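Please look over the sequence and the structure shown below before reading on. The briefing that follows moves from the whole chain to single residues.

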Amino acid sequence: MPERVKTLFYSIMGRGTWRQVVRMNVSLILSGIVATIIHLDEPVWALITSVIVITQSRLTQTLSTGREQIVGTLIGAAAGMSAIALEQYTTLSVGMVFWVMLMPLAVLVALRPKMRVAIVTLMVVLLFPATGEPFSRPLQRIASIMTGVVVSFAVSFFVLRGEARREVLGNAASLLRRLSDLLSGALQNHPDHDALATIDTMCRSLLQDMNDGVQEAEVEHPSSLAKHDPLVLRLPGLLRRIRSDAIFIARAGTEGETARTGDILAHERDMLVDILGQMAARCDRLAATRRGHTLPDDDMRPLLERLEQQQGREHWTPVMRFALGLLHADMRLAVRNIWSDGRTDDGPFPLDGHPLVAEAGFEPAGKAASVPLPEGRARPSP
């Protein structure tokens, strides 16, 4: 097998693309079977709708798309039936009736773009040729569209659905490794601003993926996520805090705050990289276990003890002492949560009181850093 084909194959299998292929085929087959069983005259509309809905990779996206399909279909069907009535009981042509009904729908779509399926439904009901009674056309086609939506919902819920918990934990492990890279690059004598900004872009993307995964998990377990899987709910906030601390340190480093610290700098860098790596490995192991299965926490205490110590404190500038103190505190909080599956009362939730809870990031080179601090806390002087 050629190397390029092999790489593509592993990429598809790793991303779960094959699951989406299977779901789409199952949705198409079931839509056709259901449409045939209930004797729909035009089952093709059920197949088309099924494809539109099931192409969404996330359950939340499927629900959102399906809801838009249902609402838009009902609005378009009402417009289509009104158009048929005008055609039957007035002297207006089909073309004139279509444009009369299209105008209000165009205004609606301009205000709510997701309702564009209403215009499609109007066209399907009114313009596509059909046989039989005039008012049977919209009813048959509406039934076909609804069949496609319902079957797609069922397939999304029950056929090879990816577990959001695994996705959140896997993205958390990837984010922790990127944060390790960020801090490794920041705690140098002369940090590379552009390289750090590139890593931070990846961190932002992974945080967004985690937030999407948590929303998916809440749909899967609407009333039990906080009780039975609190770590999944807490992880995005915990890692957002660590990322903000890392950004603070990186900004300080690019402005010369880490210069001339020698071996102390290397020791701090190696310690943080090692602990973040262990946190990432723990998230990977959690992702590989079933929900509710706990792992031993024997190695948590040594990590907490290492984070309690801030060796060489006297060699850091006040800014770096402050930034590293925040980072150590937030990493201790994350370690306690990750090693206890989120079943700990340590730390404030929600995270409104965190000094870096605002989305800090890299400004263009040459601009001074602007990091918000909580009310009543003064910025340390260099």
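What percentage of the 382 residues in the protein chain do buried residues make up? In this predicted model, buried residues account for 44% of the 382 residues in the protein chain. The protein chain has 14 helices and zero strands, and among its contacts between residues at least 6 apart in sequence, 80% join residues at least 24 apart.

**Nonpolar cores**

- The largest nonpolar core has 59 residues, and those with the most contacts inside it are Ile-249, Leu-272, Met-279 and Met-331.
- At least two residues of this core are supplied by each of the helices H8 (164-186), H9 (193-220), H11 (230-254), H12 (262-288), H13 (300-308) and H14 (318-339), and the largest share, twelve residues, comes from H14.
- Apart from this core lies another one, of 14 residues, which has Ala-79, Ile-84, Met-101 and Leu-122 among its members.
- Leaving aside neighbours within four places in sequence, Met-331 is in contact with Ile-242, Leu-272, Ile-275, Leu-276, Met-279 and Leu-307.

**Packing of H13 and H14**

- The helices H13 and H14 pack at an angle of about 175 degrees, and their axes are 9 Å apart.
- Because an angle over 145 degrees counts as roughly antiparallel, H13 is described as roughly antiparallel to H14.
- On the H13 side, the residues that meet H14 are Met-300, Leu-303, Leu-304, Leu-307 and Glu-308, while on the H14 side the residues are His-328, Met-331, Arg-332, Val-335, Arg-336 and Trp-339.

**Aromatic pairs**

- The count of aromatic pairs comes to two.
- Phe-98 and Trp-99 form an edge-to-face pair, with 5.6 Å from centre to centre and 70 degrees between the planes, and Phe-98 is buried, with a relative accessible area of 9%.
- The rings of Phe-248 and Phe-322 have their centres 5.9 Å apart and their planes at 75 degrees, so this pair is edge-to-face as well.
- Because Phe-248 lies in helix H11 and Phe-322 in helix H14, the pair ties together parts that are 74 residues apart in sequence.
- Phe-248 counts as buried at 8% relative accessibility, and Phe-322 is also buried, with a relative accessible area of 18%, since buried means under 20%.

**Arg-240**

- Arg-240 has its place in helix H11, and this residue is partly exposed, with a relative accessible area of 21%, because the range for partly exposed lies between the 20% limit for buried and the 50% limit for exposed.
- The side chains of Arg-240 and Asn-211 are joined by a polar contact of 3.3 Å.
- From C-alpha to C-alpha, Arg-240 and Leu-175 are 9.8 Å apart in space, although 65 residues separate Arg-240 and Leu-175 in sequence.

**Ser-31**

- Ser-31 lies in helix H2, which covers residues 17-37, and Ser-31 is buried, with a relative accessible area of 0%.
- Not counting residues up to four places away in sequence, Ser-31 touches Ala-46, Leu-47, Ser-50, Thr-147, Gly-148 and Val-151.

How values were computed
Residues numbered from 1 in each chain as written. Heavy atoms only, no water. Core = buried A, V, L, I, M, F, W, Y, C linked by side-chain atoms within 4.5 Å. Buried < 20%, exposed > 50% of the residue type's maximum accessible area, 1.4 Å probe, protein only. Helix = DSSP H or I, 4+ residues; strand = E, 2+ residues; numbered from the N terminus. Contact = heavy atoms within 4.5 Å. Polar contact = N/O pair within 3.5 Å; in protein donor to acceptor, adjacent residues only side chain to side chain. Phe/Tyr/Trp six-rings, centres within 6.5 Å; stacked < 30°, edge-to-face > 60°. Axes fitted to C-alpha atoms, helices over the stretch in contact; angles between N-to-C directions. Parallel < 35°, antiparallel > 145°, perpendicular 65-115°, else oblique.
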